[in-house]
Amino acid sequence: MTLRERLAAIDERVAAAAHAAGRDPASITRVVVTKFHPPALIRDLRELGVHDIGENRQQEFSAKVDELHDLADLRWHFIGQVQTNKTRAIARAAHSVALTLHTVDRAKLATALDRALAEEDAGTLDVLVQVNLTDDAGRGGAAPADAEALATAVAACAHLRLRGVMAVAPLGEPPAPAFARLARVAETVRSVVPEASWISAGMTGDFEEAIAAGATHLRIGSAITGNRPAHG
Ligand SMILES: *Cc1c(COP(=O)(O)O)cnc(C)c1O
């Protein structure tokens with residue numbers, strides 16, 4: 001299958017899952033995750049009408065933002081872990097492109113971002129609170145019980161706009177109950193910031209379950225891009 005065919009096939013499945021859940025497919029944003037792929041793939045995707053691009057490594061993300069600066073209508077989604085000492089690079093990218101950061105998982109990161117955005121004169125950054133749906137505290141994301149406090153901390157940052165929540169389904173567990181837990185966390189977060197209505201969930205293997213559980217932003221990589229090139 002060509003890139004165009006894979007994209008069309010996924011979009012058909014997204015629309016079918018939305019209809020099955022009684023949802024409008026237009027209320028769902030399909031982010032294409034292009035990590036490890038060359039910038040040329042993003043140009044090809046843009047030619048096919050894709051605007052939402054996901055990356056998960058800061059250096060690769062920053063390099064692609066620079067290289068593709070002529071594609072002014074892309075919307076970038078950073079979906080990887082952010083080290084507190086990398087907030088400058090994120091703020092610099094936010095200064096030049098439309099960016100949502102999906103992975104705010106601790107108050108310390110929120111305040112570091114807030115400061116970097118002010119220093120870079122980068123305006124306001126859209127962010128999601130990342131929720132850890134596993135029992136392993138070493139995985140990315142705040143524990144569900146901590147999400148409300150984290151949302152409150154983000155809401156107190158003048159340069160951050162809280163848009164909602166993000167999570168990765170745990171391995172070794174069916175995704176549906178995990179996404180149901182995320183939907184409950186999303187509700188709690190909306191009790192803090194009512195307009196924070198985004199739910200970023202669902203990847204190649206589980207996006208249909210995520211749609212059934214209310215996901216508004218899918219992060220789909222390999223089903224659209226093909227297998228990722230080897231990486232070091
Ligand atoms: C790579 C990645 C995805 C996409 O994964 P696929 O299984 O290739 O669709 C989604 N979310 C995150 C956080 C990722 O790192």
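Predicted model: local features only at pLDDT ≥ 70, side-chain atom pairs only at ≥ 80, totals over all residues.
Two residues are in contact when heavy atoms of theirs lie within 4.5 Å.

**First stop: Leu-125.** Select Leu-125 and display its surroundings. Apart from neighbours within four places in sequence, Leu-125 is in contact with Ile-90, Ala-94, Leu-99, Leu-101, Leu-113, Leu-117, His-159, Leu-160 and Arg-161.

**Second stop: the cores.** Next, select Trp-76, Leu-99, Leu-125, Val-154, Leu-160 and Leu-162. These residues have the most contacts inside the largest nonpolar core, which comprises 68 residues. In soluble globular proteins, nonpolar side chains tend to be buried together. A second core, separate and made of 5 residues, may then be selected through Val-33, Ile-79, Leu-128 and Met-166, which are among its members.

The volume of the largest pocket is about 540 Å³. Which residues are the closest to its centre? Select Lys-35, Arg-139, Val-168, Met-203 and Arg-219, which hold that position among the 26 lining residues. Coloured by class, the lining shows 10 nonpolar, 11 polar and 5 charged residues.

Select the ligand and the residues around it, including Val-33, Ile-79, Met-166, Thr-204, Ile-220, Ser-222 and Arg-228.

- Lys-35: an N or O atom of the side chain is 2.7 Å from an oxygen atom of the ligand.
- Gly-221: a backbone N or O atom is 2.8 Å from an oxygen atom of the ligand.
- Asn-56: a polar side-chain atom is 3.5 Å from an oxygen atom of the ligand.

Conventions
Residues numbered from 1 in each chain as written. Heavy atoms only, no water. Core = buried A, V, L, I, M, F, W, Y, C linked by side-chain atoms within 4.5 Å. Buried < 20%, exposed > 50% of the residue type's maximum accessible area, 1.4 Å probe, protein only. 1 Å grid on protein atoms, 1.4 Å probe; cavity = no way out; pocket = protein on both sides within 12 Å on 5 of 7 lines; lining within 4 Å. Points joined across faces, edges and corners; volume = space filled by probe spheres on them. Nonpolar A, V, L, I, M, F, W, Y, C, P; charged D, E, K, R; others polar. Near = heavy atom within 4 Å. Polar contact = N/O pair within 3.5 Å; in protein donor to acceptor, adjacent residues only side chain to side chain.
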